[in-house]
Amino acid sequence: MIECFRHPNITIHTQSEISKFEGSVEDFDVKILKYPRSVDEKKCTGCGLCSDKCPVKNPSVFQAELETRKAIYIAFPQAVPQVATIDREICLWFTNSECRICEKICPMKAVDFEQKPKELKLNVSSVILATGFELYNPKEIGEYGYGRYKNVLTSLEFERLVCASGPTGGVLNRLSDGHIAKNIAFVQCVGSRTHTKGYPYCSASCCMYATKEAVLIREHEPSSHVSIFYIDLRTFGKGYQGFVDLAKSHWGVKYIRGRPGEIREDPLTKNLIIHYEDTEKGRVERLEAEVVVLCTAAIPHRDNKKLAQILGTRLDEFGFFDVIDPILNPVETNIKGIYVCGSCHGPRDIPESIAEAGAAAAKAAVDTIRLTVEVKS
Amino acid sequence: MIDLRIGVFVCCCGINIGAYVDVPAVVEYAKTLPGVVYAEENIYACSNDGLNKIKEAIKKHKLNRVVVASCTPRTHEPLFQAALEEAGVNKYLFEMANIRDQCSWVHMKEPKKATEKAKDLIRMAVAKTTLLEPGDEPEIEIKPSTLVIGGGVSGMRAALSLADQGFDVIIVEREPQLGGKMRNFDSLFPHQQKASEILESLLQKIQTNPRIRVMTGGKIKSVFGFLGNFTIDVETRTGTESLNVGTIIVAVGADILKPKGLYLYGEDKRVITQSELEEILRAGSVDANRIVMIQCVGSRSAERPYCSRICCNEAVKNAINLTQQDKEVYILYRDLQAYGITYSRLEQEAKRNGVRFLKYQQEKPPKVTAETDGLKINLYSPTVNEDVELKADLLVLSTPLIPVTDAKELSQMLKVPLDRNGFFMEAHVKLRPLDFATDGIYVCGTAHSPKDVGESVTQALGVASRAAIPMAKKRVRTAAIMSEVDQTRCSGCGTCIDVCAYNAIRKNEKGLAETIAAICKGCGVCGATCPEKAITMHHFTDEQIEAQGLAALMEE
């Protein structure tokens, strides 16, 4: 992020979206709607005094809503740009015409309640879509108890819990009683590879990040037990099989082949009883865990439809951006000059996304070069 | 020697440092250190405001050395160095003390000790700063041309993209013709396009592109030079030619394992590999009614502890094609690698078409017996907890991609590493998957690891953009942090040349070691190894590190 921010050829427009789009490759006219931050980006130094004094709290999206943030806030510690923003939905000034404490406390006089949405006009030769993905909300899979049982978490919530800058400072305090969990189970394919609730496809990265989390837990707490429930262990990337082998042999992570049918909470201990069929043994069994982590499907971003409509790009049957020639032009959409990279056109892991980013950059570079240099033929 | 005028800037990093370290006390302490003429506190030293304050202070107090005590140089050193340059001070007269990541963050519960440690770290940085010298950054010119080693689909696609971007490309292919492994394929998922048609269109583009030169039947004999200026000797039928290019792309692809000794392969004609099946399908139909495929033959094993990524999907694709010819197909697998959307679709199509999937366990692999009327395959199915017996007319073994035979030889010539499985190893798995640690050399396609055609092409396009960056810039500056060999002390033993990971040291005409400044990454291994102490690491000299160490041990 900081490299992008500092690069002399890169301009970043945050809190912005495309509102109008016209033209063709090498000559696209793009209108960008920049929503008001209510803070002057040039003046704010990101000192955080405003957030300290702000009286309004709301769940922090960054911390998977496990922690609160203020109405004036910096999204996360390494956010780029390192500038505060006001959430007008909850700010007392915008909702109730009172307070304005942040304005008084700011030493740089950066708070600006009068900011209006701005429209920017750009002319560009090509466009790269890198809008990413969302995670499936497993609430609708009632048998797993997410939302009802406090100790059933999504993988993203778990990531925040074990992060040193997360709400618990990296300690795996479970949500029901703060007790440090030492017996953890991961469930794969929650909302993926299913024809009932969720999506029929494989989300491509869950087997490996669950393995990574499992190793992390065992590294931190050698007395802990970690089990991973899976259908097929998908170790297709470079070095993945070796990592799983190590997780099994060195870290003692237990892999159980089978998709749990039901998870129930013990009302006294708040532990979770997982009912499953072990398809390696052909037997129905149960396992008790203190925390269950659901590795949920990577799904299309909800705004893809809107964006696709503005750009004229095609979506697949799920709502991911589609490419026309997956073999020879794997990052090109149906509109010449619009390219995709990363999970906005289907779930994929980081190395693949980075390679695609390079590919999209190469395609965009050719469009720009055709404009500026006469290519000898 | 000029008067030392050191300025120390202590950053609060908002509350990150300020809440745990007594910053005003640290500033006062810094003022007492030898050579320090000015010290101040910043809320955020890296903000525009903070940087301006540093620049103003440099001018006002005529500072000629600067220490910033804040976060990590990994992210912020270039920012502060730029501020120094703008204020007219050489960027190598700068030092950072990491009082956040290595101090306030890890000592949040002991603020007094954190404050003392911050003072120690600053004292050490100031001690080193006293001995710093200005550095000159060597500039190298980049030749706008690329050598692509390997003329398969990856190499060709990378070459075309670079040519489109205006660079000259030479493809060296060891076979007599371009095309690589794709020449053997029948059709490609997801649209079942004929591989030969796709290949034909690529070949035509390559042949008609004036910027691309193809050398078939060529073998790389030697590689010298560095980013911007490589010299490569290539041996062809007509003799040896010397090529001169700015960048190199490794796209040598992979081989397919022949599973000799496994499941009667090589003993019974009815046992073939998945790629041999492709050849048969390409030529026409298969003379068998019931076909059994076994996955992970020779992969995900102790000998080859990696998944070959493409075999499950290749098997599923071929199985679909076979069911369309009314064949009965069984796939015996361990974990089906139908990852992502495309392959999930393919798996579902196979199941709809009646392809049967049976899981086997690694520790109980299927047993194959040859009988006159067919092959008998026995396996234990954990799913139903029973032994299963199958009859087959044809057994197809899915074997992994393996590194090409001369991967090691080539890696030694290029001085780039291979991974534990013998594939080329990238600089960083996640952040730099297409670069080598050595500047100017890149990797794509199955030379890097097994992957399908679309994924190889993605990497090929990606690698084209990586290689284009220095070439588009025409010249690049490299850091002045490099080694220098004292010619009066060097004995010419060559130890430094052996340990250098970047090919940055050579012997000169006197037989003594000499650093090629443009290649040196400043890692310091040569300096630490030299038995004669003839090598100086600029910016990390023995004296500077010693001063830092002594300052650490000094009582306040």
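Okay, let's start with chain A, whose secondary structure comes to nine helices and 19 strands; here helices (H or I, at least four residues) and strands (E, at least two) are DSSP runs, numbered from the N terminus. Before I go on, this is a predicted model, where local features need pLDDT of at least 70, side-chain atom pairs count only at pLDDT 80 or more, and totals for chains, interfaces and linings use all residues. Residues are numbered from 1 along each chain as its sequence is written, while chains are lettered from A and ligands numbered from 1 in the order in which they are written.

Back to chain A. Along its principal axes, the C-alpha trace spans about 65 × 65 × 35 Å. Of its 377 residues, 42% are buried. Buried, for us, is 20 or more other C-beta atoms within 10 Å of a residue's own; exposed is 12 or fewer, and partly exposed is in between, with C-beta atoms placed from the backbone.

Now, where do the chains meet? On chain B, 55 residues are in contact with 51 residues of chain A, contact being C-beta atoms, placed from the backbone, within 7 Å. Helix 3 (73-86), helix 6 (153-164), helix 10 (340-352) and helix 12 (453-473) of chain B each supply at least two residues to chain B's side. Helix 12 of chain B gives the most, with twelve residues.

On to chain B itself. An automatic or database domain assignment gives domain 1 (6-135), domain 2 (145-255 + 402-475), domain 3 (287-398) and domain 4 (483-538). The C-alpha centres of domain 3 and domain 4 of chain B are 55 Å apart.

Next, have a look at the open sheet in chain B: four strands, order 2-1-3-4, with parallel pairing. Strands pair if DSSP finds at least two bridges between them.

Last stop, a hairpin. Strand 21 (residues 374-381) and strand 22 (residues 386-392) of chain B pair in the antiparallel sense over seven bridges. Leu375(B) stands opposite Ala392(B) in strand 22. Four residues sit between the strands, and Asn385(B) takes a positive phi near 55°. Asp373(B) is in the loop between strand 20 (367-371) and strand 21 of chain B. Is Asp373(B) buried or exposed? It counts as exposed, because it has 7 C-beta neighbours inside 10 Å. Asp373(B) and Asp393(B) are 20 residues apart in sequence, and their C-alpha atoms are 8.0 Å apart in space.

That's the tour, thanks.

Terms used:
Two residues are in contact if their C-beta atoms, placed from the backbone, lie within 7 Å.
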